[in-house]
Amino acid sequence: MNPPQGSRPTRYRIAPLNPHAHVFEVSCTVDEPDPAGQSFRLPAWIPGSYLIREFARHFVSVRAECNGSGIGIRKTAKDIWQADPCSGALTMIAEVYAFDLSVRAAYLDGRRGYFNGPSVFVWPVGQEQRPCEVEIVAAQGEGYREWRVATSLPRAGASPYGFGRFAAANYDELIDHPVEMGSFDLVHFQAGGARHDIAVTGRHRGDLKRFSRDLQRVCQAQVDLFGGAPESRAPVDYYLFHVLAIGEGYGGLEHRSSTSLICKRDELPQLGSIGVGEDYRSLLGLASHEYFHTWNVKRIKPSAFLPYDLTRENLTEQLWAFEGITSYYDDLMLVRSGVIGVSDYLELLGRDITRLLRAPGRSRQSVAESSFDAWIKYYRRDENTPNAVVSYYLKGALIALALDLMLRRAGVTTLDEVMRALWQRHGKPGIGVPENGVEALAAELAGIDLTDFFGKYVHGTADLPLAELLAPFGVDVMLRAAEGAKDKGGSPGKRKTARAWLGVVLAAGAEPRLQHVLSDGPAERAGLAAGDTLVAIDGIRASAESLERVLKFRGADDVVSVQAFRRDELMEFSVELDAAPLETCWLALADDANADALARRSAWLGQSPANP
Ligand code: ZN
């Protein structure tokens, strides 16, 4: 049904029109517009972030020109503009407001500009397969002389890091290369035969040489995983890590040859520091996660994303595999590449298990359901999210762990081999992974029936038997209440301990306000609700500290009186406390591991037992 698509490119131009007003001017020119009136459309979401974002709401004004003269253009839908009939070159010109400090949209001020294609570039309807050219124009004025451009968008005339002309094979490629303009620090390394740049924007005092060295090892380990050493090659010729360092913030979004990361400036390794602290480990994990997506989701894709429908939700039950397996490997590649030690890795795993155990939603929603409903649940968090939603990242990662351990124990295959097979069979354009495709492939390679495993843990809500699965690898799983008694091994559940529990999560801030009231907990039973502000507990002014004291010194089954404001109304509750559930988990190397267990563990973690 598409009109003939010749090779004449769609031409785009983007310029920082008014940095202080945060406005880009963006134009799109087609040489052969639809004679009946060409339509232009803007994506409603950005691939990788599964929420309808309605980027069109930031299109402040739109006009059109036919052969250089103004013609009419009007909206025909929330995200569609249709120009009057024109024979000759038709240009749509928009002013786009850009002040979103995230990895998902666009930002412009007097210090830097940044944009993702889906939030600024329309596509000429029916011509989305034409090649695209884009001219990225420098801001005018003295203050912008030092600005350079960092992007993985292929250059067509623009000098390295300069403004000028860029090219893409089609619209899909055009919008998958975010662009940073401004002053940034650059370091680079080689991995898998490809140049990798890190462009760091924002005030920081990070040791970028060290970051580059460590990230090189992580990237090479991933290339080796998918490519198989020794002649393994990265799936790109060039890769760019965009890093925005700010005071508070966290985020990442994957693209085919780049990623955008936002981190706290303190997460960059500090000059002169040694070892990998918690902050730096978090940044390395984020960079590792997004790089793993270069294979898993950017090239190995669910069939449901072929092609992306940028106008509406793209539904799949497989985000647990594309995000969860990626989340399993992000930290695993840090330990396998030797950037962190085994004990650090076990600490990270213990924290993940803890986070999952603390979310009652895990027994209400499966990760397949969570994947499907990501658009309306996981990405739209509210006070009831912990009770109703399971994270397909978090439980998906632990499912990947459980699957890997189970396959390794059976001795026929590993999750690494499943990922390589996925890459070989589905890594080519157009060969999507059908729903349940990962499950079928794992069963095929393992030569065993995995229906029960996936039925229970992916399509059902059963808790994973991680203690049982980790034991043959010489790793002990321990559980305890948030504070207090310790208990070795076993499955999660409520046990009698000295510590009492209210079943709430307090919001950050000085005021003791309930952010979440957990399902079936004492607070819910007594009638407390999310949003309530605690006033007094047993007649003493409530604060995070006084609540902590009460829970520490009162027994489970004790009754406390709680006064709280719901909106502006004072209410009183009688709360019968429970014993705190054993939901804090930590892992440790078993003292009594035998040689088989040690060998299994070093094959899994890639480090010898002598180097924990
Ligand atoms: Zn991800």
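User: What makes α10 oblique to α11?

Analyst: In this predicted model, the axes of helix α10 (residues 415–426) and helix α11 (residues 437–446) come within 10 Å and cross at roughly 120°. Axes are lines fitted to C-alpha atoms, for helices over the stretch in contact, with angles from 0 to 180 degrees between N-to-C directions. Under 35 degrees counts as roughly parallel, over 145 as roughly antiparallel, 65 to 115 as roughly perpendicular, and the rest as oblique. So α10 is oblique to α11.

User: Which residues make the contact of α10 and α11?

Analyst: Contact means heavy atoms within 4.5 Å. On α10 you'll find Glu417, Val418, Ala421, Leu422 and Arg425, and on α11 Val438, Leu441, Ala442, Glu444 and Leu445. By class, the contact of α10 with α11 has seven nonpolar, no polar and three charged residues. Ala, Val, Leu, Ile, Met, Phe, Trp, Tyr, Cys and Pro count as nonpolar, Asp, Glu, Lys and Arg as charged, the others, Gly among them, as polar.

User: How do you know that β28 and β29 pair?

Analyst: Two strands pair if DSSP finds at least two bridges between them. β28 (residues 559–566) and strand β29 (residues 569–576) have eight, in the antiparallel sense, so they pass that test. In β29, Phe573 is the bridge partner of Val562. The two strands form a hairpin with two residues between them, and Arg567 in the turn has a positive phi of about 55°.

User: What should I know about the numbering and the values?

Analyst: Residues are numbered from 1 along each chain as its sequence is written. Local features need pLDDT of at least 70, side-chain atom pairs count only at pLDDT 80 or more, and totals for chains, interfaces and linings use all residues, while side-chain values use heavy atoms, leaving out hydrogens and water.

Terms used. Helix = DSSP H or I, 4+ residues; strand = E, 2+ residues; numbered from the N terminus. Buried < 20%, exposed > 50% of the residue type's maximum accessible area, 1.4 Å probe, protein only.
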